[in-house]
Amino acid sequence: MSTPIDAQADTRFFGHPRGLANLFGVEMWERFSFYGMQGILAIYLYYQVDKGGLGIDRSAALGIVGAYGGTVYLATVVGAWIADRLLGSERTLFYSAIVVMIGHIALAVLPGLTGVGVGLACVALGSGGLKGNATSVVGTLYAEGDQRRDAGFTIFYMGINLGGFIGPLLTGLAQQNGGFHLGFGLAAIGMALGLIQYTIGRKNLGAKASEVPNPLPSTQRTLVIGVAVVIIAAIAALIMSGVVTPDNLADVVVYVVVAISVVYFVAILTSKKITSEERSRVLSFIPMYIASAAFFSLYQQQATVVSVYSDQRLDRDLFGWTMPVSWVNSINPVFIIVFAPVVAAIWTKLGPKQPSTPMKFVLGTVLMGAAFLLFLPMAHTGANGSPLIALAGILLVFTIAELMLSPVGLSLATKLAPKVFRTQMVALNFLSVSLGTAMSGKLAQSYDPKDEVPYFSIIGGTAIVVGVVLLALIPFIRKLMRGVH
């Protein structure tokens, strides 16, 4: 690779650094492959063999999808550590993209559960490593105080949603017309295209993107490698021995994430390196962590329950043509593209009068619960009897709820973080998403398309209760936040 240029002084991409186009492309294609594969994953697992699927019990299949999603966000924490201590964000991103591509290839060419195991493990690890580091590299393209920064991130996030929109459309068509493995193969091709254009343009990212902020001493590297090998061997042994199975995978991921989260919180709160004010702020994050996990345990059911609903309960007939199941996954990215600027403009207009972060968490959680209750009027419409426009309306509520909570979660973690534990607090935010995503698979195992009322009413009602409890706690939380809005 040639000598990096001064990316922060670059204006070759419509006034922005040329490297932004590179990162836009790799993130767009990664999201294309990620959401494209996810759109057909659940039905691949539970469809019968004569339909091209694996014939896994539907409950176990949804648990696998949720557990896989949880490990993606868990891997984000690992990817951030590797970038901070070993490789730097740029190289971690590059190698992670390769791992993602390998995962999609495995799903496309390896038969049965072997392909699922190898493929999902690679995609989860690679997407986790790419997700946070792509954002970090975008940040390195701009000097502190550069007025182009917010616009640059807006362009970057458009790439995310563009990929999320197109991926399910094309892989769904490929699956419907050529089979599941063709759909997975298309996801692999998308990631390959992203990797090729990224490799060509790596020189435009600048030297700062390759810096290792907190290098691990060489004397400790052997120990880290040894620990990694032991962990991988232990996971393999648990799977091979039958202790971890498709039926309990979601449970295992939930327990692991909870344990790691508790360790993080205890380590931070008991540290002698933080002040009493910092400790108070960390305590204020605990109820928000719980609310975030509750929110994502419903929101991430787009990959589990909503997929089953689209397959078995949704009327997908469009003028005599049956719409692919995965196309429903393209609705949310469209709403985000349309409404994210609107919500951002509202918060900007309100300025200091906008709701506090805890109140935004309340709004997000309550709206998410309400979205589940909106399924109830269609509970008795029969097989493939629910109108598409109704589901689109429900997914609009999903989107508004997401825009209330998701964008502010990461920001809140950085605001409340003690100076010496910034990375760990960001990790805790990702862990709340990981826990919620794994829980989405666990909860989805109880979904029955033939008896939906108990599922939607209990889960939707519980989310609303969580939001109301958080609302009651806001005065106490605001006091603990010590001035953070």
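The model is predicted, with local features needing pLDDT of at least 70 and side-chain atom pairs pLDDT 80 or more, while totals for chains, interfaces and linings use all residues. Residues are numbered from 1 along each chain as its sequence is written, and side-chain values use heavy atoms, without hydrogens and water.

Stay on Ser432, which belongs to helix H14 (residues 422-444); helices are DSSP runs of H or I, at least four residues, and strands are E runs of at least two, numbered from the N terminus. Ser432 is buried at 1% relative accessible area (buried means under 20%, with a 1.4 Å probe and protein chains only). Beyond four places in sequence, Ser432 contacts Tyr289, Ser292 and Ala293 (heavy atoms within 4.5 Å).

Next, select Ser330, in the loop between strand S2 (321-322) and helix H11 (331-350). Ser330 is buried too, at 3% relative accessible area. Its contacts beyond four places in sequence are Gly164, Phe165, Pro168 and Leu169.

Finally, show helix H3 (residues 89-109) with helix H6 (residues 180-200): their axes come within 8 Å and cross at roughly 160 degrees (lines fitted to C-alpha atoms over the stretch in contact, angles from 0 to 180 degrees between N-to-C directions). H3 is therefore roughly antiparallel to H6 (angles over 145 degrees).

Definitions and conventions. Buried means under 20% relative accessible area, exposed over 50%, partly exposed in between (1.4 Å probe, protein chains only). Angles under 35 degrees count as roughly parallel, over 145 as roughly antiparallel, 65 to 115 as roughly perpendicular and the rest as oblique.
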